[in-house]
Amino acid sequence: MDQEQLEVRLLGGFSVTVGGHVIPEEEWRLKRAADLVKMLALAPRNRLPRDQVIEALWPETDPDRGANNVRKVAFDARRVLGLQDGIVLAEGLVKLAPGQPIRTDAGRFAEAAGRALSAGDPAACREAAAQYGGELLPDDPYAAWCEKERRDLRALFLDVLAEGQLWGRLVREEPTHERAHREIMRAQLENGDRAAAIRQFELLSTALREELGVSPEPDTIGVYEQVLDMEGRDAPTPAERARALLAWGLVHWRRADLDEAARTATEVRALAIDAGLPRELTEASELLGLVAYAQGEWREVFAQSFLESVTRAADLAPFIFDANMCMSEFALCEPSGVADVTELAQQMIHAADELSSVHAEALGRLLRGEAALFSGQDPHLARADLNRAAQLHQEASSVTGWAMSVERLAQLESRSGDQPLARDRHRDALRIAEETSVPEHLLPCIFGGMLEGEQAETALHVIAQAEEATGHLMVCDPCSMAFRVGASMTCARAGQLDRAREYLAEASRVAAMWSGGPWHAAIDEAEATLRLALGATPAEVVRLLQRAGDRFSAADRPHEAARCHQAVAALH
């Protein structure tokens, strides 16, 4: 039999060339026939066990039907390839054209890249990189049978880009590749292009923060400081100097050098207030809050920094709240959270009278309203405080505080039994939140509240809406607790047990951040809901619900405690 060279393109798309003739795309009438050729082209020696092919392409099919499917698509693939031995079924194996020479672009690239990396030859790496025609089989993004190969080839491509010193292309392919950014900054520094190097550092900082939740490494910060100190150039702007200091502050935080992290953040905060830099003030205040919480001094530090901003730069006060929103919500869920936050609220309200500060009163009213909402002791006080907080935050252009006040009002309406009004307020909170600077904190809180009191169908819609709205964010773990617990319980009741387990596992992981308090109770309640859906015995479910109710009561959450006790009564 005459041999016909098979060329299979897998990078950037799929096509097959037989004997120099490119097979038209429309010839592949059966998608599975094309999938079979792709799988075998990727496989070692271009062959796979028949059972493995069946499992990959027809995972839910019984063996007899699967074998019949293999024969059917093999016949069609032979027709398209125009080769009698295009697909051979023998000895339990499925083989691609065993009598013909086969080459793939993916194989050529992998061989060239491997040789270049082994030799440590930058020029050879650049030549290998040129052979990478794009992502493996981009039209099959969800095909599990090529996931590993796609991942391995991309990693190999990034390696040859780095070894070939193709930094610009590497940054385009992998925006969080810190070494690539750093080398570009060094080249810009050598060329005297200070502005470009600063822009590169900003690009890196943004990518790391948004995609990985981390800050640049010390080596990169060192290069950035060299850029800022370039001779013969204008002095660094306050914003540029603040960015460098913030980066060092985060390095100290990661190293658990709390005193140095606090010192650096304090310096940035003062610089930001003097220069009117809201972004830098927010980040410096957030770092100060983290350090203060770790040292058990958050309430004192937050109150001092907030009131200082009110007196020195009132228009920047909302950014202090944005930076500490997560901490205030975290504090509310400590074992003594309601009492502690009420005390902080009273301090703010008292200071507001002395300073005639709208910002201080707005914050104090919000915190006191939240504490009253959760404790359930005085719904009238909660409503009055939250309404006033919403009004004051709106007047002060404090978007996050305004949205949070409206959201807590929505939860109050839900607990009062007025679900239609609660939905209206939830929608208002989401609308206001569109302008927040901290969506990763605020949106999960709102969506968590939206699940409260809803029936399964509506709650499932809320979950879908939340996943779409926050999918691009690295959401805050503590601020996501209400949503994750509520989503787990919703999915369990709707029979979506795998999703329920996933949400509960995430919530359980985060709940460990607290030594006690309402979230530990919430985990028990969600676990009880899931076990009930799984068919556990009533006694087992009751035990969890009783413990949840007791824990809610100890955390001063009577509404949740009553809900658990009612569920226990329903099971008896």
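Q: In which sense do strand E2 and strand E3 pair, and over how many bridges?
A: In this predicted model, E2 and strand E3 (residues 21-22) pair in the antiparallel sense, over 2 bridges. Within this pairing, Thr17 stands opposite Val22 in E3.

Q: What is found in the hairpin of E2 and E3?
A: The hairpin has 2 residues between the strands, and Gly19 takes a positive phi near 60° there.

Q: How does strand E1 pair with E2?
A: Strand E1 (residues 6-9) and E2 are antiparallel and share 4 bridges. Across this pairing, Glu7 stands opposite Thr17 in E2. In the hairpin that joins E1 and E2, 5 residues lie between the strands, and Gly12 has a positive phi near 80°.

Q: Which way do the residues of strand E2 point, and are they buried or exposed?
A: A residue counts as buried when its relative accessible area is under 20%. In strand E2 (residues 15-18), Ser15 and Thr17 point one way, whereas Val16 and Val18 point the other way. All of these residues are buried.

Q: Which residues form the negative surface patch?
A: Residues in a patch have over 30% relative accessible area and no salt bridge. Here the negative patch is formed by Asp121, Glu127, Asp159 and Glu163.

Q: Where is Asp121 found?
A: Asp121 lies in the loop between helix H4 (105-119) and helix H5 (122-130).

Q: Why does Asp121 count as partly exposed?
A: The term applies between the limits for buried, under 20%, and exposed, over 50%. Asp121 counts as partly exposed because its relative accessibility is 32%.

Notes. Residues are numbered from 1 along each chain as its sequence is written. This is a predicted model: local features need pLDDT of at least 70, side-chain atom pairs count only at pLDDT 80 or more; totals for chains, interfaces and linings use all residues. Side-chain values use heavy atoms; hydrogens and water are left out. Patches are made of residues with over 30% relative accessible area and no salt bridge: like charges are joined within 9 Å, nonpolar side chains (Val, Leu, Ile, Met, Phe, Trp, Tyr) within 5 Å. Accessible areas come from the Shrake-Rupley method with a 1.4 Å probe; for residues, only the protein chains shown count as cover. A salt bridge is a side-chain nitrogen of Lys or Arg within 4 Å of a carboxyl oxygen of Asp or Glu. Lys and Arg count as positive and Asp and Glu as negative; His and the chain ends are not counted. The place of a charge is taken as NZ of Lys, CZ of Arg, CG of Asp or CD of Glu. Buried means under 20% relative accessible area, exposed over 50%, partly exposed in between (1.4 Å probe, protein chains only). Two strands pair if DSSP finds at least two bridges between them.
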